[in-house]
Amino acid sequence: MNADLKKLFQSLQLRQFAPVYLIDGEEPYYLDMITTYFENNILNPAERDFNLMVLYGKDVEWADVVNACRRFPMFAEKQVVILKDAAQMNVKSFNELAGYLENPSPTTIFLIEHRFKKTDGRGKIVKYAKEKGIYYTSDKVKDDHIPQWIQNHGNDINFRIGEREAQILATYLGNDLQKIVNELEKVRINVPDDKELTAEIIQKYIGISKEYNVFEFPEALTGGDMDKLYRMLTYFLANTKAAPMPLLIGTFYNHFNRLYLANFVRGKTDKEAAAALGVSPYFVKNIMASAQRWPLHKVERCMLLLGKYSTMSVGIKNTAGDKELLKEMVGQMLE
């Protein structure tokens, strides 16, 4: 949770309400968190029956929204009006809401939830939202920041998540924050007294093998541990669902891209190298060691191979299955 979001929730918890809130952006996790708070925490249960109105962008025109906002609360000091999926409103109709935002009702707390994209900053909606209330954008977390986000979320819920475990979760669960949170909640329900996420817990409750996981596969290839590489290859050939080709190729590409960059950060401190490689300093030593064993021309060749097998994995100039492609790709990388 970034500083702007913390400030927003602190003001809500102190009941320092603005008349207008505009929230937008590509990351729905935080938008849902804010919207849920407005639905459940501003009014008490008795007040919500008469003073909570939820509207949907695809179903309303601007006049419907304004009429709802201008209505007086019943048996309460405030009413809450939530406009969900505002991005689905007709653009012209949505822009007409600027008139209300310029002069909002003091007895209405109005939330506009504009998910999956930012509101046009050139229009008056954003201008008046900033002047009269609060404007918050929920940006998508970049893929290389997901492991750190997972660790930070672990801290928020008093559950220690190590760098290795966070990287494994990020590799398998991707950048869907809600999916990550749901998986960690499932773990906490099953092991409420544990204070740390271990590889054993990940394997048991999330279903990611501590020994045979995609994250370890490219490291086995470039790390020189041939026994481990062949064990993992045998496992993935027998369990193709555990490592679909798009996931494997993406993981291999990230790994080789870091080895490529490692050739240009030699001599830098671990902190400087970590920033350039987009990883935690914890991983720098292993990456630099692999880069020593795997020369630049070989890294470049493997990246070209990944491009080739990426197209083949979706059926372009290829009729072979994932099993045959994986075996062939690893064999060519070892040549």
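1. Accessible areas here come from the Shrake-Rupley method with a 1.4 Å probe. On that basis, the accessible surface of the protein chain comes to about 17500 Å², and carbon and sulfur atoms hold 50% of that surface. Please keep in mind as you read on that this is a predicted model.

2. Let me start with the overall form. The radius of gyration of the protein chain is 25 Å, whereas a compact globule of 335 residues would have one near 20 Å. Taken along the principal axes, the box filled by the C-alpha atoms is roughly 75 × 50 × 45 Å. Of the 335 residues in the protein chain, 47% are buried.

3. Next, the fold. The secondary structure of the chain comes to 18 helices and seven strands. If you take the contacts between residues at least 6 apart in sequence, 72% of them join residues at least 24 apart.

4. Helix α8 deserves a look. It spans residues 146–156, and its buried residues are Ile146, Pro147, Trp149, Ile150, Gln151, His153 and Gly154. What covers them? The cover includes α2 (28–41), β6 (160–161), α9 and α10 (177–190). After α8 comes asparagine 158, which has a positive phi near 60 degrees.

5. On to the aromatic rings, where the count comes to 12 pairs. Why is the pair of tyrosine 29 and tyrosine 30 edge-to-face? The planes of these two rings stand at 70 degrees, with the centres 5.2 Å apart, and an angle over 60 degrees counts as edge-to-face. Tyrosine 29 and tyrosine 30 are both buried.

6. Tyrosine 235 and phenylalanine 236 form another edge-to-face pair, at 5.5 Å centre to centre and with 70 degrees between the planes. Phenylalanine 236, at 0%, is buried. Both residues belong to a cluster linked by ring pairs, together with Phe217, Phe252, Phe256 and Trp294.

7. Arginine 188 lies over the face of phenylalanine 159, 4.4 Å from the ring centre. Arginine 115 lies over the face of phenylalanine 116, at 5.5 Å from the ring centre.

8. Finally, the cysteines. How many disulfides does the count give? The count comes to zero disulfides. Cysteine 69 is buried, with a relative accessible area of 0%. Cysteine 302 is buried as well, also with a relative accessible area of 0%.

Technical notes
Residues numbered from 1 in each chain as written. Predicted model: local features only at pLDDT ≥ 70, side-chain atom pairs only at ≥ 80, totals over all residues. Heavy atoms only, no water. Phe/Tyr/Trp six-rings, centres within 6.5 Å; stacked < 30°, edge-to-face > 60°. Buried < 20%, exposed > 50% of the residue type's maximum accessible area, 1.4 Å probe, protein only. Lys NZ or Arg CZ within 6 Å of the ring centre and 35° of its normal. Helix = DSSP H or I, 4+ residues; strand = E, 2+ residues; numbered from the N terminus. Rg over C-alpha atoms; globule rule 2.2 N^0.38 Å. Contact = heavy atoms within 4.5 Å. Disulfide = S-S within 2.5 Å.
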